[in-house]
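Trainee: I'm new to this one, so could you pick a single part, look at it closely, and then work outwards from there?

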Amino acid sequence: MKYFLLYLGIVNVVGFFLMKHDKAQSRNKRWRVSERRIFAYAAAGGALGVWAGMFAFRHKTKHWSFLLGVPALLIANAACVYWVLTDIFHIRW
């Protein structure tokens, strides 16, 4: 279970800093991180980090795909974490 939580922590931190990096690249008019890659990190369990990065760096907050897609992935991530903790690790609330 600790590896699962470690994975989630790492993916969320990477998602957060991915948004920071993309914002910096945007300001400098340089190569950008693709939206597909950002959504891939969010779908892989890093939606909380991507969502926090969106608002911490004020990045992509006007894109409807991010305003609706990232919270939807966050809900899906939370449901998957709940399922994993209750069914696989037999943790009862």
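Mentor: Let's start with Met1, which touches Leu85, Phe89 and Ile91, leaving out residues up to four places away in sequence; touching, or contact, means heavy atoms within 4.5 Å. Met1 and Phe89 are 88 residues apart in sequence, yet their C-alpha atoms are 7.2 Å apart in space. Met1 sits in the segment before H1. Helices like this one are DSSP runs of H or I with at least four residues, while strands are runs of E with at least two, and both are numbered from the N terminus. Met1 is partly exposed, at 43% relative accessible area. In these terms, buried means under 20% relative accessible area, exposed means over 50%, and partly exposed is in between, using a 1.4 Å probe and protein chains only.

A quick word on ground rules. This is a predicted model, so local features need a pLDDT of at least 70 and side-chain atom pairs count only at 80 or more, while totals for chains, interfaces and linings use all residues. Residues are numbered from 1 along each chain as its sequence is written, and side-chain values use heavy atoms, with hydrogens and water left out.

Now zoom out a bit. The protein has 3 helices and 0 strands, so along the sequence you read α-α-α. Its C-alpha trace spans about 50 × 25 × 20 Å along the principal axes. Of its 93 residues, 30% count as buried. Take the contacts between residues at least 6 apart in sequence: 65% of them join residues at least 24 apart.

Moving along H1 brings us to Gln25. Gln25 is buried, with a relative accessible area of 11%. Setting aside neighbours within four places in sequence, Gln25 is in contact with Arg30, Trp31 and Arg32. Lys29 lies in the loop between H1 and H2. Lys29 is not a glycine, yet has a positive phi of about 55 degrees. Most residues other than glycine have a negative phi. Lys29 is also exposed, at 76% relative accessible area.

Next comes H2, which covers residues 35-56. What would a straight helix of 22 residues span? It would span 32 Å at 1.5 Å a residue, whereas H2 spans only 18 Å between its end C-alpha atoms. That expected span is 1.5 Å times one less than the number of residues. H2 has a kink of about 130 degrees, centred on Gly46; the bend at a residue is the angle between axes fitted to the seven residues ending there and the seven starting there. Gly46 is one of the buried residues of H2, along with others including Ile38, Gly45, Val50 and Met54. The buried residues of H2 pack against helix H1 (2-27) and helix H3 (64-88).

After H2 comes Arg58, in the loop between H2 and H3. Like Lys29, Arg58 is not a glycine and has a positive phi, here about 50 degrees. At 69% relative accessibility, Arg58 counts as exposed.

Finally, the aromatic rings. There are 4 aromatic pairs in the whole structure. Rings of Phe, Tyr and Trp (its six-membered ring) pair if their centres lie within 6.5 Å; planes under 30 degrees apart are stacked, over 60 edge-to-face, and the rest tilted. Phe16 and Phe57 make a tilted pair, 5.0 Å centre to centre with 50 degrees between the planes. This pair links distant parts of the chain, with Phe16 in helix H1 and Phe57 in the loop between H2 and H3, 41 residues apart. Phe16 is partly exposed at 24% relative accessibility. Trp51 and Phe55 are 4 residues apart in helix H2, so about one helical turn separates them. Both are partly exposed, Trp51 at 35% and Phe55 at 43%. One aromatic cluster is formed by Phe16, Phe17 and Phe57.
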